[in-house]
Amino acid sequence: MCYAIPGKITNIAGNIVTLDYFGEEKKARNEFYELSVNEYAYAQGGFIVSKIKEAEALAALEVWKELFSKLKEIDRRLAFGPKDMRQAANAVRQKHLGNACCVHGIIEFSNYCINDCLYCGIRNSNKKLKRYRMSEKEIADACDYAVNELGFKALVLQSGEDDWYTGEKLINIVSKVRKKCAALLILSIGERDLNIYKNLYDLGARAALLRFETSDGKLYEKYRPRHKLEDRLELIRQLRGMGYLIMTGFLIRAGENEEDIIKDIELTASLGAEMFSFGPFIPHPDTPLGRGTVCRAPTELLELSLNTIARARIMYPEARILATTALETLDKKNGIKNALLSGANSLMINVTPLKYQQFYDIYPRRAGAGVDFKKKIEDTVSMLRSLGRAPSDLGL
Ligand code: 5AD
């Protein structure tokens, strides 16, 4: 057994040398040797401590070749054991962001959608769904109530991608809402014209919620017919450039492996997301993906979702991470609480007028649909209290 693994030199920039260890790159300072690319060296403490012959290096590497990846696997299993990972993530959240928790209200103002996403219950082709659109006045009144009666300081206005709300209508709505409501206004209205978004920003909307759903471009095209992942990402980038805070994320899919999830988390972060919003995909019987799909047992999907929150928290200690309603739907009693104990620090309460809530049927048996707002708020506040969380701003 040797005490160090030789590295292969892949780059030299002045006295900084890049070494490759089975695909992992590390840098070390070279102050003592004449080195060139493709030679082998030992490094310790960030210094090149010896140069070695290729034959010697290859013999040592032969020993390490299989062991290196096996060790990594064991290490990962131990470090990311579900329970340990979630507890660690909760500690990371506590250390970096304290006990602040965002509580946003969400108003789903229309369930019409021009899109036909294979996973979504409000897809255009679902003819079984009763559709609704709230009028400009209804939307403004619902916001007024949420902010001025219920006390919300942040509101999401969400709908399917519904062109019936023209730029002009949206401008009227946002103007009315801004006049009545002192709150952070978050738009979740899909892929609309950049000019519309620009006008709404100028009127005071400050955040946009738009998930990219999956970082796998092929899957994206399959799930969202006539759409391309790159267009979606570009729109998100443009909105960020305009000044919008970005809330984005993905669907946690049955069968998705660890590597895929890590890619999804990394893409969320690379878009500069102010808030990570990802949740489990719940099959809807009136959608192509809900019919005859083999679905993971809800407990398995729930575990995967909690682990994804924990993983995201550990990877990005400063992120705001939402505990989503889809997760709550998988475990109505403890879903949100366990998400908050696994690294999440934000949540949303549905304040859509009760008569409409049941029709925003993106997936079945949505948690909280039809439950009286005041009761929902009371329950949430007492749950937050039990966890020592304060509904204060997370700051910049
Ligand atoms: N299960 C879980 N989430 C879903 N969404 C759409 N359909 C489903 C489903 N069946 C999510 C999408 C979309 C958001 C508004 O709702 O991620 O971006």
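Biologist: Which residues line the largest cavity?

Modeller: Rolling a probe the size of a water molecule over the atoms shows where empty space is left. A cavity is a set of points, on a 1 Å grid over the protein atoms alone, where a 1.4 Å probe fits but cannot get out; lining residues have an atom within 4 Å of a point. Here the lining is Phe109, Leu157, Leu170, Ile173, Val174, Leu187, Ile189 and Leu200. This is a predicted model, where local features need pLDDT of at least 70, side-chain atom pairs count only at pLDDT 80 or more, and totals for chains, interfaces and linings use all residues. Residues are numbered from 1 along each chain as its sequence is written, and side-chain values use heavy atoms, with hydrogens and water left out.

Biologist: How many cavities of 30 Å³ or more are there, and how much space lies in the largest cavity?

Modeller: A volume is the space filled by probe spheres set on the points, with grid points joined across faces, edges and corners. The count is 1 cavity of 30 Å³ or more. The largest cavity holds about 30 Å³ of space.

Biologist: Which helix gives the most to the lining of the largest cavity?

Modeller: Helices are DSSP runs (H or I, at least four residues), as are strands (E, at least two), numbered from the N terminus. Helix α4 (residues 167–180) gives the most, with 3 residues.

Biologist: Now the ligand. Which residues surround the ligand?

Modeller: Near means that a heavy atom of the residue lies within 4 Å of the molecule. The ligand is surrounded by residues including Tyr119, Arg211, Glu213, Leu251, Phe281 and Ile282.

Biologist: Which polar side-chain atom lies 2.6 Å from an oxygen atom of the ligand?

Modeller: For a polar contact, look for a pair of N or O atoms within 3.5 Å. That side-chain atom belongs to Glu213. A polar backbone atom of Tyr119 is 2.9 Å from a ligand nitrogen. A backbone N or O atom of Ile282 lies 2.7 Å from a nitrogen atom of the ligand.

Biologist: Is Glu213 buried or exposed?

Modeller: Buried means under 20% relative accessible area, exposed over 50%, partly exposed in between (1.4 Å probe, protein chains only). Glu213 has 12%, so Glu213 is buried. Glu213 sits in the loop between β9 (207–209) and α6 (217–223).

Terms used:
On a 1 Å grid over the protein atoms alone, a cavity is a set of points where a 1.4 Å probe fits but cannot get out, and a pocket is an open set with protein on both sides within 12 Å along at least five of seven lines; lining residues have an atom within 4 Å of a point. A polar contact is a pair of N or O atoms within 3.5 Å; within protein, one must be able to donate a hydrogen and the other to accept it, and residues adjacent in sequence count only if both atoms are side-chain atoms.
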